Amino acid sequence: MTTLITGGGSQTGLRLAQILKAHGKPFLIGSRSGKRVPADYPTFKFDWHDFSTFQAPFAAGDKIDSVFVVGPDDYDPLPFVKPFIDLAVEKGVKRFVVLSACSEHNERGPNAKEMGKVHTYVHEKGLDYVALRLGWFTENLITIYGDGIKEKNVIEGVVPNGRISFVAVDDIAEVAFKAITDPDSLPSREPNVLGPDFVSYKDVAAILTEVLGRVITYQTITAEELKRRYTEIYCIDEEYASAVVKIEQGIENGSEEKWLSDPRTVKGKVGVREWVEKNKNAFEAAGSAI
């Protein structure tokens, strides 16, 4: 039985593929361009905004019994994901593992937003699913804050003191593998996937300072500036960017605290310091030595 990984060029999708391969589990990767996918991985063009690409993975002859769903970067992804889920069910897919987020917006139910709408849909259809409600990616330190760290020795954001449980892609992929192969080993079909630490961006700056050997500081910017960066630099649609900024502002008021004691929570093993030490070359730049 084969696992189809949508968003297969993503960091999580590629790491999951590596784990499946190491365990001898067959997989297919759906990707818009395939540029980041290793040449020896079975790959198909797959684009959430092009419904004509949905049939390709099922036409290859593999018996796909599970799908790892990395949805599109739309504030309301359900109109794009729903037709594919319906098609996948018709083609015999038995389990869906949905990449979602650990926030109130993504709680299943009538008030669900973003990817929460997707796992509400699969739940209401009575499908076998796991919704991975992720904390903030540790990898954001590169993808979102990396340029500021390298060029200006600063992390810029709207959360000066609020604490976050950063979770690494390696840990997310390990939980995703369990969701595909042994979901009953998880505490819930909608687990919160967090990291082992609970730290502020100022704490992260201090860790970077120690590991990199140059002073990294935290600097607060306005919500309007952060929203501009999300829309103009990271090409997130305006409504989605506004929602993300609002969630980040909530962190400053302790919104992340409750997830630590939630019985659904699964904690990873890779702490921020370990992750920074492993990835310190990504932050290399000229800076003032301590």
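Analyst: This is a predicted model. I would begin with strand β7, residues 154–157, which is covered on both faces. V154 and E156 point to one side, I155 and G157 to the other, and all four are buried.

User: Why do those residues fall on two sides?

Analyst: Side chains alternate between the two faces of the sheet in a regular strand.

User: Which strand is β7 joined to, and by how many bridges?

Analyst: β7 is joined to strand β9, residues 217–220, by 4 bridges, and the two run parallel. Within β9, Y218 is the bridge partner of I155.

User: Why would one remark on that?

Analyst: Most residues other than glycine have a negative phi.

User: Is N153 buried or exposed?

Analyst: N153 counts as buried, because its relative accessibility is 14% and the cut-off for buried is under 20%.

User: Where does E114 lie, and what is its phi?

Analyst: E114 lies in the loop between β5 and α3. Its phi is near 50°, again a positive value in a residue other than glycine. E114 is buried as well, with a relative accessible area of 6%.

User: Changing topic: in what order do the strands of the open sheet run?

Analyst: The open sheet has 8 strands in the order β3-β2-β1-β4-β5-β6-β8-β10, with parallel pairing. β3 and β10 (265–267) are at the edges and have a single partner strand each, so one side of each lacks a neighbour in the sheet. On average, neighbouring strands of this sheet are turned by 25° against each other, direction ignored.

User: What holds paired strands together in general?

Analyst: Strands of a sheet pair through backbone hydrogen bonds.

User: How is β4 joined to β5?

Analyst: There are 4 bridges between β4 and β5 (residues 95–101), and the two strands run parallel. V97 in β5 is the bridge partner of F68, while V69 stands opposite V98 in β5.

User: How many residues of β5 are buried?

Analyst: Of the 7 residues in β5, 6 are buried, so the strand is mostly covered.

User: Which helices lie across these strands?

Analyst: Helix α3 (residues 116–124) lies across β5 and β6 (128–134), at about 160° to β6. Helix α6 (residues 169–181) lies across β1 (2–5), β4, β5, β6, β8 (192–194) and β10, and runs at about 165° to β6.

User: Now the loops around β3. Where is P42, and what does it touch?

Analyst: P42 is in the loop between β2 (27–31) and β3. Leaving aside neighbours within four places in sequence, P42 is in contact with F27, L28 and I29. P42 is partly exposed, with a relative accessible area of 34%. The C-alpha atoms of P42 and P57 are 9.8 Å apart, and the two residues are 15 residues apart in sequence.

User: What does UniProt list for residues 7–183?

Analyst: An unreviewed UniProt entry lists residues 7–183 as "domain: NAD(P)-binding". Over that range the chain is 33% helix and 18% strand, with the end C-alpha atoms 21 Å apart.

User: Finally, what can you say about the chain as a whole?

Analyst: The chain has 11 helices and 10 strands. Its radius of gyration is 19 Å, which agrees with the value near 19 Å for a compact globule of 290 residues. The C-alpha atoms fill a box of roughly 60 × 40 × 35 Å along the principal axes. Buried residues make up 54% of the 290 residues.

User: What share of the contacts links residues 24 or more positions apart?

Analyst: Among contacts with a separation of 6 or more, 75% are between residues 24 or more positions apart.

User: And the surface: how much of it belongs to carbon and sulfur atoms?

Analyst: The accessible surface of the chain is about 13,100 Å², and 49% of it belongs to carbon and sulfur atoms.

Notes. Residues numbered from 1 in each chain as written. Predicted model: local features only at pLDDT ≥ 70, side-chain atom pairs only at ≥ 80, totals over all residues. Heavy atoms only, no water. UniProt positions renumbered as here; feature names shortened; annotations may be inferred. Pairing = 2+ DSSP bridges. Axes fitted to C-alpha atoms, helices over the stretch in contact; angles between N-to-C directions. Contact = heavy atoms within 4.5 Å. Rg over C-alpha atoms; globule rule 2.2 N^0.38 Å. Buried < 20%, exposed > 50% of the residue type's maximum accessible area, 1.4 Å probe, protein only. Areas by Shrake-Rupley, 256 points an atom, 1.4 Å probe, with all protein chains shown as cover.
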